[in-house]
Amino acid sequence: MTGRSGGSAFWLALPLVAVAAFAVLLTFSLVRMIRVEADMRVEAEQNMLWVMHQSEAAARRLGETVLLAELGEADTAEIALRLDILRSRIALLNDGPQRRFVDSIGLGGDLDRLTGLLGAIGTLPEGAGEIRASRLRAALAPFPTFFARAANKAMIAEWDELGGRLETYRDQLRKTIAGLIGIMVAGAILAAALVISLRNSRRRNRMLRRARDFSGLLIASSGEGIAAVDTAGRCTLWNGAMAAMMGRRAEQAVGSPLAKVAGFFDVAAIRDGVTRALAGESTQLQLQPLFRDTEETPDHVDLRFFPMRDETRIVGAIIFMQDASDRYAADRKDAETRARLEHLVAERTRKLDDALRRESSAADLYRNFAAMISHQFRTPLAVADSALQRLIRRGSRADPDEVADRAGRARGAIAGLTRLVDSTLHAARIEAGEVGARREPCDLVPIVTAVCDQQRAAVPETRISITAPAAAPVLCDPAHAEQVLKNMVSNAVKYAPPGSEVSVALRVDAQGVHCDIGNSGAGIAPPDRPRIFERNFRGANSVGSPGTGVGLFIARALARMQGGDVALLPCDDGTVFRLSLRQPEGAAP
């Protein structure tokens with residue numbers, strides 16, 4: 001076994017080494033070829049011999065033209081033309097790579113002197129005489145000599161550079177040829193390794209077929225459904241139990257991808273199990289639904305996935321499938337029983353929580369009965385007192401309609417006070433356990449409208465806007481709901497800026513009925529917001545305003561006694577409180 005493992009490792013490492021050598025040698029050869037190609041390019045300064053020759057010729061032609069001008073055979077325009085040509089040659093030599101080349105051959109200083117001399121030379125004026133022309137010719141005398149020396153040095157430098165380059169080419173070509181030979185050797189090794197790998201592959205395939213035939217004999221009589229796949233996902237084994245479960249014969253399954261044999265194997269969870277088995281990981285799935293072609297109700301099966309190995313490598317995966325329909329039916333029945341019990345417990349707990357909250361709210365409310373009386377009776381008494389005072393002031397000037405209207409308002413306020421007293425007594429009986437909580441279906445829209453009308457009557461300068469649907473059915477004690485709304489509306493009016501409007505918005509949704517009451521006042525300070533519903537607590541914004549600090553406490557207590565709640569909503573501008581009440585059973589939102 002050790003010798004076989006060592007031989008396998010050797011034949012695995014040999015192609016890898018050959019591939020690495022192939023890549024290194026190929027890269028080396030390419031780099032060498034790129035360098036040769038780059039070295040073969042002609043640089044700008046490598047044509048300096050021609051530049052020097054042309055510059056020398058321009059200097060000599062200028063000298064000849066000046067000489068002809070002395071003899072009277074050339075004019076000033078021709079001299080200026082030749083002088084410009086010479087200047088352009090000097091400018092070319094002073095530019096970029098040409099200047100660097102001149103410096104490299106040691107003539108940079110001479111070129112600078114000639115450049116300065118040429119800049120000092122002017123053009124002969126019209127009709128210039130022989131003296132002026134002779135001075136110009138004398139000034140131009142150093143130029144041909146300089147360019148002749150520069151041409152000689154350029155030629156020598158170029159020959160030296162060319163000789164070095166040719167030697168470099170020979171060296172790089174020798175290395176490139178060696179690299180190509182190495183590439184051929186690496187290619188031969190790879191070809192040999194490929195041939196050997198093909199032979200080993202054929203041998204292993206034969207071993208796999210023998211193992212498959214042997215496994216087939218062992219598992220043909222198994223009661224579990226068994227299927228095997230190769231690394232490509234094709235079915236290689238399909239026993240009788242699997243054929244009975246899936247309704248597919250072995251002839252239909254073997255050789256085909258599992259997903260084509262039955263759609264059951266194309267489910268994501270089962271595909272994942274096969275993939276993980278081919279990766280070497282054993283997994284299992286429980287109670288997977290199995291739909292048969294002729295049945296609408298699925299069976300349920302358990303599956304286990306295992307990798308199949310040949311020595312050290314994975315050659316496939318095997319799947320065991322067992323019918324678990326009876327266990328699924330038992331588990332489902334247990335789950336339904338548990339769900340029913342949990343629902344009953346949750347419903348009973350909810351009812352107990354509601355009852356406990358109502359009892360707690362009632363206890364808190366009636367422990368503070370005196371504070372409630374001083375707070376809650378103030379608004380209806382103020383409404384009745386306002387109506388009666390106006391009737392007294394009007395006296396005999398009041399017409400019957402006005403008398404009836406104001407008397408009706410006073411009676412309405414007194415009736416509300418009576419309802420509050422009745423509700424308070426009723427709540428006391430509830431707390432004592434004599435009767436149950438009185439909640440009945442009613443429409444919240446008329447109650448909201450009546451409360452707003454009473455507030456307008458008590459504070460005539462108040463502006464209150466109402467937004468409400470046609471109906472808002474709720475399950476509550478109407479008297480308690482009215483007192484909650486009175487507390488909330490009176491608070492909104494009390495802390496609203498003078499001349500501003502108080503908004504009352506009624507909305508119905510799937511969670512119940514919500515009444516939002518807000519104003520555009522200074523709002524409640526963040527430190528006060530968590531304590532705003534505490535008994536006798538008054539926030540910083542209530543300084544200078546009369547009150548006992550029990551209005552919101554009583555409002556929340558009354559709302560919770562009816563299965564609802566009062567909450568302070570987050571608001572960037574002003575203050576908004578929300579009363580939430582439940583809808584009657586069967587009421588559509």
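Two residues are said to be in contact when heavy atoms of one lie within 4.5 Å of heavy atoms of the other. The contacts described below belong to a predicted model. In this sense Leu579 touches Val484, Leu485, Met488, Val513, His514, Cys515, Ala559, Asp565 and Val566, leaving aside residues up to four places away in sequence.

Leu579 also belongs to the largest nonpolar core, which has 41 residues. Together with Leu444, Leu485 and Ile517, Leu579 is among the members that touch the most other members of this core. Two or more residues each are given to the core by helices H16, H17 (478-494) and H18, and by strands S8 (473-476), S9, S10, S11 and S12. A second core is separate and consists of 30 residues, including Ala59, Ile105, Ile121 and Leu140. In soluble globular proteins, nonpolar side chains tend to be buried together.

Taken as a whole, the protein contains 18 helices and 12 strands. Of its 589 residues, 37% are buried. Among contacts with a separation of 6 or more, 65% are between residues 24 or more positions apart.

Strands of a sheet pair through backbone hydrogen bonds, either parallel or antiparallel. Here 5 strands form an open sheet with mixed pairing, in the order S7-S9-S10-S12-S11. Strand S7 (463-467) and strand S11 (565-569) are the edge strands, and each pairs on one side only. On average, neighbouring strands of this sheet are turned by 20 degrees against each other, direction ignored. Within the sheet, strand S9 (residues 501-509) and strand S10 (residues 512-519) run antiparallel and are joined by 7 bridges. Leu506 is placed opposite Cys515 of S10. Helix H16 (residues 444-458) packs on the sheet and touches S7, S9, S10 and strand S12 (575-581). The direction of H16 makes about 170 degrees with that of S7. Helix H18 (residues 551-561) also packs on this sheet, where H18 touches S11 and S12. Between the directions of H18 and S11 the angle is about 130 degrees.

Another open sheet has 5 strands in the order S2-S1-S5-S4-S3, and its pairing is antiparallel. Strand S2 (235-238) and strand S3 (283-290) each have a single partner strand, so one side of each is left without a neighbour in the sheet. Neighbouring strands of this sheet are turned by 25 degrees against each other on average, direction ignored. Strand S4 (residues 299-310) pairs with strand S5 (residues 313-323) over 10 bridges in the antiparallel sense. Val301 faces Asp323 of S5 as its opposite residue. Helix H11 (residues 268-278) packs on this sheet and is in contact with strand S1 (225-230), S3, S4 and S5. The direction of H11 makes about 140 degrees with that of S5.

Packing between helices was also examined. Two packed helices are described by the angle between their axes and the distance between the axes. For helix H4 (residues 96-104) and helix H5 (residues 108-120), the angle is about 120 degrees and the axes are 7 Å apart. H4 and H5 are therefore oblique to each other, as angles over 145 degrees count as roughly antiparallel and those from 65 to 115 as roughly perpendicular. At this contact, Arg99, Val102 and Asp103 of H4 meet Gly108, Leu111 and Asp112 of H5.

Definitions and conventions
Residues are numbered from 1 along each chain as its sequence is written. This is a predicted model: local features need pLDDT of at least 70, side-chain atom pairs count only at pLDDT 80 or more; totals for chains, interfaces and linings use all residues. Side-chain values use heavy atoms; hydrogens and water are left out. Two strands pair if DSSP finds at least two bridges between them. Helices (H or I, at least four residues) and strands (E, at least two) are DSSP runs, numbered from the N terminus. Axes are lines fitted to C-alpha atoms, for helices over the stretch in contact, and angles run from 0 to 180 degrees between N-to-C directions. A nonpolar core is a set of buried Ala, Val, Leu, Ile, Met, Phe, Trp, Tyr and Cys residues joined through side-chain atoms within 4.5 Å. Buried means under 20% relative accessible area, exposed over 50%, partly exposed in between (1.4 Å probe, protein chains only). Angles under 35 degrees count as roughly parallel, over 145 as roughly antiparallel, 65 to 115 as roughly perpendicular and the rest as oblique.
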